[in-house]
Amino acid sequence: MPGGPGLGWFVRGIWPAIAAVGLVMVFAASFSILNGQLPTVGGNNQPPIKTPTPSNVVVVDPRLNVPGSLVYVKDGNLWVQSGAQATQVTTGGRDAMPTWSADGQWIYFVRTTPAQGHWPADGVLRTYDLDIPALVRMHPDGTGLEKVLSGKLQRNGNTWSSFIRQPFPNPAGTKVAIITDGPDPTISDLVLKILDLTTGGLVNPHLTEVPPLGHQDPAWSPDGSAILFVEDARSGTRGTPIVERYDLATKRVKALTGPGYLSPAWSPDGRYVAATKTGPFGTDVVILDARTGAELLRVTNDELSFDPVWSPAGDSIAFFRVDHGVVDLELAKLTGTAPSWTVGDTVQLTISAGLDAGSRASWFIAPEDLPTAAPSSAPGQAFPTLHAPGASLSP
């Protein structure tokens with residue numbers, strides 16, 4: 001990579017082509033997803049026929065009363081959904097990849113700013129249109145915006161930028177795991193690094209990777225002792241991503257899964273992991289044993305579902321599902337005793353929203369609002385089944 005823009009330029013170069021395919025932003029930095037392992041845009045070889053709601057509208061069924069708050073992205077803006085109401089909390093269309101802090105005081109996300117840069121390539125100083133990312137955070141009501149880390153790189157009077165992706169703060173609120181090729185993208189792939197919020201230092205633990213594919217999908221464990229991440233790999237033309245576990249005390253890395261798993265999400269007690277399982281025709285959501293990686297339960301079977309997020313109450317999993325090119329957030333209730341759950345009926349948390357597939361949802365429930373007993377509902381009917389869209393909610 002020395003002497004040229006490196007991997008960052010390669011990814012930028014293919015970005016317009018990827019963006020033309022519907023689900024493209026789902027794992028833009030992952031080469032595994034460029035190998036036909038995402039849900040098809042139309043689903044079951046059908047052409048896309050659905051139309052999402054306008055950019056300033058997210059429809060939520062008014063009968064839903066999902067505890068806590070979910071944050072997700074639509075058309076580059078952050079929305080917070082609480083109960084049966086969704087509220088837009090940022091504008092400008094340049095935000096992505098939000099994650100709650102463990103105490104619910106902050107939402108960390110990536111905001112890009114357009115700029116013109118100059119950088120030498122093959123001995124020639126060239127001009128580029130850049131989208132310079134920054135890791136920022138704000139309070140859930142949209143106040144207190146702070147820049148935490150900039151992806152801007154300046155050298156010898158020239159300007160370039162690194163990638164910053166998928167921030168995930170630790171439970172103590174002192175560090176953030178990110179996927180980045182910063183601070184110098186000419187010598188680094190997109191890999192897991194840890195930002196110290198006190199010192200501003202960015203540490204590269206030098207975890208195993210298959211150059212230049214790098215890593216994605218960091219997830220800090222609830223007790224703060226480990227980070228799950230995906231090591232991207234290939235076997236011929238087929239993507240073979242593997243979920244790895246990085247132990248912060250021993251500095252050791254151990255594979256949790258075999259090939260074909262992405263986007264891990266810890267259960268609140270740290271005993272289980274929800275993940276995206278890739279297949280020849282699409283993706284589904286599964287639950288794994290956090291110690292052995294053994295697959296315990298298949299949450300979906302439609303080859304159209306991905307990016308799970310576990311409820312802080314531990315009794316349900318929200319995930320993205322694509323239907324004829326339109327991405328919505330859905331929820332599956334888990335009934336019974338772990339790990340022998342039964343998956344209840346899946347309900348839509350958004351209706352024809354057209355959410356940004358490359359920005360995973362994040363879920364926060366305040367400790368005082370966590371249920372103290374199992375809800376009194378029949379198995380599979382913890383939330384009402386949707387029959388008609390609810391009210392249109394504008395910010």
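# Close-up views of a predicted model

View 1. Gly173 is partly exposed, its relative accessible area being 41%. (Buried means under 20% relative accessible area, exposed over 50%, and partly exposed in between, with a 1.4 Å probe and protein chains only.) This is a predicted model, in which local features need pLDDT of at least 70 and side-chain atom pairs count only at pLDDT 80 or more, while totals for chains, interfaces and linings use all residues. Residues are numbered from 1 along each chain as its sequence is written, and side-chain values use heavy atoms, with hydrogens and water left out.

Where does Gly173 lie? Look in the loop between strand 11 (164-169) and strand 12 (175-180). (Strands are DSSP runs of E with at least two residues, and helices are runs of H or I with at least four, numbered from the N terminus.) Strand 11 and strand 12 form a hairpin with five residues between them, and Gly173 in the turn has a positive phi of about 75 degrees. Across space, Gly173 has its C-alpha 8.1 Å from that of Asp103, although the two are 70 residues apart in sequence.

**View 2. Strand 12 and its two partners.** Strand 12 is mostly covered, with five of its six residues buried. Strand 11 runs antiparallel to strand 12 and is joined to it by four bridges; here Phe168 has Ala177 in strand 12 as its bridge partner. (Two strands pair if DSSP finds at least two bridges between them.) Strand 12 also pairs with strand 13 (191-196), in the antiparallel sense and over six bridges. In that pairing, Val176 meets Leu195 of strand 13 as its bridge partner.

The loop between strand 12 and strand 13 is the place of Pro185. Is Pro185 buried or exposed? Pro185 counts as buried, at 0% relative accessibility. Its C-alpha is separated by 9.5 Å from the C-alpha of Gly151, which is 34 residues away along the chain.

**View 3. Aromatic pairs.** How many aromatic pairs does a search of the whole structure find? The search finds six. (Rings of Phe, Tyr and Trp, the last by its six-membered ring, pair if their centres lie within 6.5 Å; planes under 30 degrees apart count as stacked, over 60 as edge-to-face and the rest as tilted.) One of them is the tilted pair of Trp100 and Phe364, at 5.5 Å centre to centre and 35 degrees between the planes. This pair links distant parts of the chain, with Trp100 in strand 5 (residues 95-100) and Phe364 in strand 29 (residues 362-364), 264 residues apart. Trp100 and Phe364 are both buried.

Another pair, Tyr128 with Trp160, is edge-to-face: 4.8 Å centre to centre, with 75 degrees between the planes. Tyr128 belongs to strand 7 (residues 124-138) and Trp160 to strand 10 (residues 158-161), so this pair ties together parts that are 32 residues apart in sequence.

**View 4. An arginine over a ring.** Arg137 lies over the face of Trp106, 3.9 Å from the ring centre. (A charge sits over a ring if NZ of Lys or CZ of Arg is within 6 Å of the ring centre and within 35 degrees of the ring normal.)

View 5. Four strands make an open sheet in the order 4-3-2-29, with antiparallel pairing. Strand 4 (85-88) and strand 29 are its edge strands, and each pairs on one side only. On average, neighbouring strands of this sheet are turned by 25 degrees against each other, direction ignored. (Axes are lines fitted to C-alpha atoms, for helices over the stretch in contact, and angles run from 0 to 180 degrees between N-to-C directions.) Strand 2 (residues 69-74) and strand 3 (residues 77-82) pair over six bridges, and Ser69 has Ser82 in strand 3 as its bridge partner.

An open sheet of four strands also has the order 25-26-27-28, again with antiparallel pairing. Strand 25 (305-310) and strand 28 (342-348) stand at the edges with a single partner strand each, so one side of each has no neighbour in the sheet. Neighbouring strands are turned here by 30 degrees on average, direction ignored. Strand 27 (residues 326-335) is joined to strand 28 by five bridges, and Glu330 has Gln348 in strand 28 as its bridge partner.

**View 6. Confidence along the chain.** The protein has a mean pLDDT of 85, and 82% of its residues reach 70 or more. (pLDDT is the predictor's confidence in each residue, from 0 to 100.) Over residues 1-38, pLDDT stays under 50. Over residues 373-395, the pLDDT is below 50 too. Where pLDDT is low, the predicted coordinates should not be read in detail.

Key: Contact = heavy atoms within 4.5 Å.
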